[in-house]
Amino acid sequence: MSAPLRDTPAWKALELHHAEIGSMHLRELFAEDPQRGSRMTAAGAGLRLDYSKHRATQETLRLLIELARERGLEARREAMFTGAPINTTESRSVLHVALRAPAGESIVVDGSDVVPAVHEVLDRMGAFADRVRSGDWKGHTGKPIRNVINVGIGGSDLGPVMAYEALRSYSQRDLEFRFVSNVDGTDFAEATRDLDPAETLFIIASKTFTTQETMTNAASAREWVLAAMPDEAAIARHFVAVSTAADEVSAFGVDLDNMFGFWDWVGGRYSMDSAIGLSTMIAVGPDRFRELLGGFHAMDVHFRTAALEQNMPVLMGLLAVWYSDFFDAQTVAVLPYDQYLKRFPAYLQQLTMESNGKHVTLDGTRVDYETGAVYWGEPGTNGQHSFYQLLHQGTRLIPCDFIGFLHSLNPLGRHHDLLMANVFAQTEALAFGKRLDEVRAEGSRAELAPHRVFEGNRPSSTLLAERLTPATLGSLVALYEHSVFTQGVIWDINSFDQWGVELGKVLAKRIAAELESDDEPDLKHDSSTNALIHLYRRGHL
């Protein structure tokens, strides 16, 4: 970068602009522009974004887009799509976009076109998924598989479990899908308690086949299977692997014909459309999985080709920077009004916070501005009866993303009309609130009136699609992926490494040995950690 972020002309212009309009109310902005609600929208890849209820003017957007250009967003975007090693701390390309590139496209990395290899894995996944779905794949005793358990953690769990829940309406209902990620033994015990090992298939998802939590659970799964079928040959019929570590996979007992690989240029939190999505493909079938990939690709094309002024990921990413760095907004609420998306906020927590929770720029300089916000949320009207009180009348500014669908996958009476009425009502109430004079006009007692005032001026985006399909889900996930990328480019940080997860893992291995030691360990931690270890070893408070 030619200049630190806060020294760029566009940033300085935004600071002056914020001083002018930062306190303006959305009531004023809408009053000044009667067409605002229809003009401040963007669409693509089956989604429509209404960003009119943001504390921003056309000048705000012009300055934000100028900032994006000054920071080299367009060149950086092209570098990602063409396989340049933009993950500089790990010297890797960042090519999750290749995972959904149609056959026939070409993306060259280190002299090799990666797209044919992607489709070779997809074809192998599809053939295996069809065998499981049809009952042709039999367990060790000859029974067909009825239960599929994905064992992973982080990106190898959050993506598959979110996708399964989101696409449950399209899943094969005579198959049971469960997900084990937590190293807490309860997670494994409850996932398997009522299942027959002879009808259960485990997908062990670990690129290196050494991930501590995943392989601890995998070892327990292996013991569980062998306790019911004490024959090592059973492992090959009840386990498959998503990994690149052939030696470790083979040593575990998995047939290498049933090892599905992916690549170093696929980050874990960007991997749900790789072989990590094998459980998703088994659930919904290869054709639906390819529809999911098609939705991803449609948003990729939109992000790569749409003008910045109409580019949904760019607009969302720039508005995220606007609130984080100019309004000191610490969090973003993601509020899907569809029960199938109940795990979507949790999925976005990793995507956004592991990507942009960084404190140094690409060259290692400490940032002097805020980076990644905290993402959180719950589905639909459940949240309204939980935390919306704070959204409406609390002292913190929390931008919100509302996600809704024109049609329900489960039409039932007037349920969907009421659901969507709440989407539109909440965004209106957050934006415009209710003034003291309006409260008094309703006849509220004087002493209660202040309690019933809604200040409004709380910003929100509304994302709409016709219905939740595999393609829609792909577009929605890719939208947030590219919004995260946009934010990272503005902040000049690496959105594709995650060194922050390393220290705790290293210390945990050391402490685990100390907890399990037969001899009293020589502890050299701080006094608090030493005391906690002694207490745990004693076994009582």
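Trainee: Where is Ser-91 found?

Mentor: Start with a caution: this is a predicted model. Ser-91 is found in the loop between helix H5, residues 73-81, and strand S3, residues 108-109. Look at its backbone. Ser-91 has a positive phi of about 55 degrees, although it is not a glycine. Most residues other than glycine have a negative phi. Now look at the surface. Ser-91 counts as exposed, because its relative accessibility is 62% and the cut-off for exposed is over 50%.

Move along to Asp-110. Asp-110 lies in the loop between S3 and strand S4, residues 112-113. Asp-110 also has a positive phi, about 50 degrees, and is not a glycine. Its relative accessibility is 79%, so Asp-110 counts as exposed.

Now turn to a serine in another setting. Ser-243 sits in the loop between strand S8, residues 239-242, and helix H11, residues 246-252. Its relative accessible area is 0%, so Ser-243 is buried. Buried means under 20%. Follow the side chain of Ser-243. One of its polar atoms lies 2.9 Å from the backbone oxygen of Ser-206. The side chain of Ser-243 also reaches the backbone nitrogen of Ala-245, at 3.1 Å. Then check the surroundings. Leaving aside neighbours within four places in sequence, Ser-243 is in contact with Ser-206, Lys-207, Thr-208, Phe-209, Val-249, Met-259, Phe-260, Gly-261 and Phe-262.

Pick Thr-208 from that list. Thr-208 is in the loop between strand S7, residues 200-205, and helix H9, residues 212-228. Thr-208 has a relative accessible area of 40%, so it is partly exposed. Its side chain makes a polar contact with the side chain of Thr-210, at 2.6 Å. Not counting residues up to four places away in sequence, Thr-208 touches Ser-243, Ala-245 and Glu-248. Val-477 gives a sense of scale. Thr-208 and Val-477 are 269 residues apart along the chain, and their C-alpha atoms are separated by 25 Å.

Next, a serine in a helix. Ser-475 is in helix H20, residues 470-491. Ser-475 is buried, because its relative accessible area is 1%. A polar atom of its side chain lies 2.9 Å from the backbone oxygen of Ala-45. Beyond its neighbours within four places in sequence, Ser-475 is in contact with Ala-45, Leu-47, Gly-295, Phe-296 and Met-299.

Helix H13, residues 286-305, packs with helix H14, residues 312-326. The angle is about 70 degrees, and the axes are 7 Å apart. So H13 is roughly perpendicular to H14. H13 brings Met-299, His-302 and Phe-303 to the contact, and H14 brings Met-312, Pro-313 and Val-314. Sort these residues by kind: five are nonpolar, one is polar and none is charged.

H14 has another partner. The axes of helix H4, residues 58-70, and H14 come within 10 Å and cross at roughly 100 degrees. So H4 is roughly perpendicular to H14. From H4, the contact uses Thr-60, Leu-61, Leu-64, Ile-65 and Ala-68. From H14, Leu-315, Leu-318 and Trp-322 take part. The contact of H4 with H14 has seven nonpolar residues, one polar and no charged.

Now a pair further along the chain. Helix H21, residues 502-516, and helix H22, residues 527-538, have axes that come within 9 Å and cross at roughly 40 degrees. That angle makes H21 oblique to H22. The crossing of H21 and H22 is right-handed. On the H21 side, Ile-511, Glu-514 and Leu-515 make the contact. On the H22 side, the residues are Thr-529, Ile-533, Tyr-536 and Arg-537. Four of these residues are nonpolar, one is polar and two are charged.

Finish with one more helix residue. Ala-421 lies in helix H18, residues 415-432. Its relative accessible area is 40%, so Ala-421 is partly exposed. Ala-421 and Leu-479 are 58 residues apart in sequence, and 25 Å apart from C-alpha to C-alpha.

Methods. Residues are numbered from 1 along each chain as its sequence is written. This is a predicted model: local features need pLDDT of at least 70, side-chain atom pairs count only at pLDDT 80 or more; totals for chains, interfaces and linings use all residues. Side-chain values use heavy atoms; hydrogens and water are left out. Helices (H or I, at least four residues) and strands (E, at least two) are DSSP runs, numbered from the N terminus. Buried means under 20% relative accessible area, exposed over 50%, partly exposed in between (1.4 Å probe, protein chains only). A polar contact is a pair of N or O atoms within 3.5 Å; within protein, one must be able to donate a hydrogen and the other to accept it, and residues adjacent in sequence count only if both atoms are side-chain atoms. Contact means heavy atoms within 4.5 Å. Axes are lines fitted to C-alpha atoms, for helices over the stretch in contact, and angles run from 0 to 180 degrees between N-to-C directions. Angles under 35 degrees count as roughly parallel, over 145 as roughly antiparallel, 65 to 115 as roughly perpendicular and the rest as oblique. A crossing is left-handed if the near helix is turned anticlockwise from the far one by less than a right angle, and right-handed if clockwise. Ala, Val, Leu, Ile, Met, Phe, Trp, Tyr, Cys and Pro count as nonpolar, Asp, Glu, Lys and Arg as charged, and the others, Gly among them, as polar.
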